[in-house]
Amino acid sequence: MDSRIVEHAKILVDYSTEVKRGDMVVIQANPDAHELAVAVARQVAKAGGSSVTMMISEEIDRAKYDGADDATLEVFPDHLMAMAEKTDVYIVLRSPVNTKALANVDPKRIMITAKTTKPIFDLITKKRWVLTVHPSATLAQQGNMSLEEYRDFVYDACLHDWEKESKNLYMMKEHLESHKDIRFCGPETDLYASTESRIWIAADGKFNMPDGEVFTAPVEDTVEGKIYFDVPFLEQGKVIEGVRLKFEKGEVVDFSAEKEESTLKQILEIDDGARRLGEMAIGTNRGIKHYTMNILFDEKLGDTVHCALGMAFPECNGVNDSAIHVDMIKRMHDGEIIAGNEIIYSKGKYFYEK
Amino acid sequence: MDPRIEEHARIVVEWSTEVKKGDLVGIRATPDSHDFVVALYKKIAEKGAVPITLMSTEEMDRAFFDGADDETISIAPKQFEALLEKVDVVIAVRSPSNTKAMASVDPKRVIQRSIAMKRVMELYLSKRWCLTVHPTNALAQQADMSMDEYQNFMYDATLLDWKEESKLLYKMKDHLERHKDIRFTGPETDLYASTEGRIWIASDGKHNMPSGEVFTAPVEDTVEGKIYFDIPFLQQGKVIEGVRLTFEKGEVVNFSAEKAEATLKEIIEVDEGSRRLGEMAIGTNRGIRQYTLNMLFDEKIGDTVHCALGRAYKDNNGTNESAVHVDMIKTMHEGEIIAGDELIYSKGRYFYEM
């Protein structure tokens with residue numbers, strides 16, 4: 001086995017979810033993630049945990065939608081709930097065989113399933129859980145890479161000293177929370193928001209692997225100024241590129257995109273919340289060398305910031321409500337991040353690197 | 001998708017486990033049976049039932065044993081038990097990618113684990129359950145076949161009209177239960193046993209797919225005579241071939257084997273019960289064209305009988321106890337099966353074909 005798979009499993013089990021003796025663990029894996037599932041099962045056993053593995057895939061989900069009527073989609077999976085109640089730790093290994101298998105399923109039917117399984121989802125997210133990726137041919141393809149390149153890409157992003165990363169992220173959180181506002185500056189960009197009584201969260205690999213960002217929810221009606229997002233992103237199956245947004249009193253008053261402007265327009269018009277920012281964040285993972293249109297990686301790119309239109313996270317004390325949460329990313333090599341009177345990032349360096 | 005996979009799924013869902021609206025279904029599968037799981041999901045969803053799938057592979061089991069210490073091995077998987085308690089139907093799919101992954105694990109540790117898994121096994125057997133096979137390279141290799149040949153072999157055995165097969169099997173059960181004894185005759189063979197107070201079970205594809213046998217537990221101390229088993233079988237990793245047994249008052253008094261006689265000797269000497277027969281049975285599945293050293297198939301071959309040394313099934317009213325249950329098979333084309341004064345099988349025909 002590639003020793004990097006063993007190391008990846010170790011991080012998930014020992015660092016992210018801190019499995020200990022007697023823990024009941026559920027591994028959720030796609031068939032292509034079998035090798036990582038083997039490594040995780042061994043690492044869980046080493047820690048004294050007891051694991052069972054669920055096999056999930058887009059094709060399996062699709063078959064369910066093809067066979068079920070709407071009433072069947074509403075049948076509550078009591079067996080899944082019973083298992084969740086007895087589980088301490090969830091480890092989710094994403095390695096899709098076909099990211100588009102659900103493309104032709106009516107989104108309304110996907111919403112029915114989401115509603116049916118919400119109590120289970122809510123319960124699982126209260127446990128120790130982590131979501132990660134195992135390299136697959138389809139993910140490599142989506143990232144415009146060979147599988148071998150993509151493996152290097154994933155492990156460069158994941159196999160870090162997370163204890164050390166965590167220290168830096170918490171240091172940044174403390175500094176940000178000692179101020180009452182945040183400002184992103186740079187080419188075509190000067191965006192300001194109040195963050196008073198909001199919480200900055202240090203995402204240090206406990207729930208996502210890879211990780212590396214500090215994020216908050218800005219005070220909804222205080223966002224002012226303009227920003228240019230130069231990293232492309234995937235939304236509704238479309239690649240949107242070169243987004244420019246202008247805010248007044250928290251609302252988007254002007255927008256454009258170099259590619260797929262009409263999709264951007266649709267997003268902004270979904271509901272009231274879609275015109276406001278639900279998130280402002282700083283990416284810190286320098287192991288991620290370039291964007292791959294997979295938001296689990298892209299939003300953590302080092303030397304970037306990102307903002308999300310739509311839903312805010314309650315754990316940040318955010319209140320913006322929306323059906324969507326669309327992240328957009330900006331490179332900051334030529335920019336600055338300022339909180340109150342403190343420079344958090346400037347000229348390619350975070351404050352703790354000076 | 002190969003339409004035979006869909007037909008296989010239909011048989012397992014509609015005939016074997018009779019899945020109905022509102023049923024909660026647990027599937028055990030491996031990455032190699034992903035196609036079959038997809039077919040099962042569609043069929044189960046059509047019935048209005050809700051499946052989930054567990055990934056269970058030899059490599060993952062092995063990883064557990066490699067990682068776990070003796071204390072961890074003894075921890076019962078509570079989350080797994082909770083899941084199974086809520087399940088109505090279990091479908092277990094054997095589709096190994098490597099049948100030898102567990103070869104160098106200490107058998108004592110495997111037994112220790114099975115004690116911790118006792119509740120899981122009991123729960124399994126208390127449900128509507130079915131064990132089936134999905135063709136894999138590992139199984140084809142074990143059977144000395146190409147994958148294409150093995151697929152043909154497996155679907156010939158499985159895609160039968162099971163309602164029709166069931167009628168014949170129950171007719172045979174009725175006839176056998178009218179009499180108080182059973183006799184297998186043929187080349188080098190004349191074996192007699194009383195079956196008084198014992199039950200013959202018609203195995204018609206409910207718990208095993210493929211199936212096709214009628215079996216009982218002979219009255220333990222009444223087995224008399226000799227038998228020659230001409231079909232090789234796999235036991236403790238060894239292929240045993242050409243077994244000859246002589247019985248007096250139910251006990252083996254003489255034995256030989258053309259190959260691996262030492263292994264046969266070990267089996268017979270395991271305990272008191274391993275010198276007695278726990279099962280006598282008639283195979284009826286003519287779709288199975290040859291033996292493959294896989295007991296799920298071999299014991300159901302049409303025009304054969306088989307006997308098992310060791311443990312008897314309580315469902316037959318059998319009482320023989322043993323740590324082992326070792327099936328051995330004999331071709332009957334030149335033999336006869338006689339119950340009381342009735343010819344059950346002769347000259348290549350069952351009584352209902354005469």
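## The strand S15 of chain B

Let's begin inside chain B, where strand S15 and strand S16 (residues 304-310) run antiparallel and are joined by six bridges. Within this pairing, B:Glu279 lies opposite B:Ala308 of S16(B). Please keep in mind that this is a predicted model, in which local features need pLDDT of at least 70 and side-chain atom pairs count only at pLDDT 80 or more, while totals for chains, interfaces and linings use all residues. Residues are numbered from 1 along each chain as its sequence is written, and chains are lettered from A and ligands numbered from 1 in the order in which they are written. Strands (E, at least two residues) and helices (H or I, at least four) are DSSP runs, numbered from the N terminus.

S15(B) spans residues 277-283 and is mostly covered, with seven of its seven residues buried. Here, buried is said of a residue with 20 or more other C-beta atoms within 10 Å of its own (12 or fewer is exposed, in between is partly exposed), with C-beta atoms placed from the backbone. S15(B) also runs antiparallel to strand S9 (residues 213-216) of chain B, and four bridges join them. Two of the facing pairs are B:Val214 with B:Ile282 and B:Thr216 with B:Met280.

## The sheet around it

These pairings belong to an open, antiparallel sheet of five strands in chain B, ordered S7-S9-S15-S16-S17. Strands count as paired if DSSP finds at least two bridges between them. The edges are taken by strand S7 (201-203) and strand S17 (325-331) of chain B; each has a single partner strand, so one side of each is left without a neighbour in the sheet. From one strand to the next, the twist averages 25 degrees.

## Helix packing within chain A

Two packed helices are described by the angle between their axes and the distance between the axes. In chain A, the axes of helix H1 (residues 3-16) and helix H2 (residues 34-46) come within 8 Å and cross at roughly 50 degrees. Axes are lines fitted to C-alpha atoms, for helices over the stretch in contact, and angles run from 0 to 180 degrees between N-to-C directions. The angle makes H1(A) oblique to H2(A). For reference, under 35 degrees is roughly parallel, over 145 roughly antiparallel, 65 to 115 roughly perpendicular, and the rest oblique.

On the H1(A) side, the contact includes A:Ile5, A:Leu12 and A:Val13, and on the H2(A) side A:Leu36, A:Ala39 and A:Val44 are among the residues. Contact requires C-beta atoms, placed from the backbone, to lie within 7 Å.

## Where the chains meet

Across the chains, 39 residues of chain B are in contact with 40 residues of chain A. On the chain B side, H2(B) gives the most, with nine residues.

Helix H5 (residues 78-85) of chain A and helix H5 (residues 78-85) of chain B also pack here: their axes come within 7 Å and cross at roughly 155 degrees. That makes H5(A) roughly antiparallel to H5(B). A:His79, A:Ala82, A:Met83 and A:Glu85 of H5(A) make the contact with B:Gln79, B:Ala82, B:Leu83 and B:Glu85 of H5(B).

Notes. Two residues are in contact if their C-beta atoms, placed from the backbone, lie within 7 Å.
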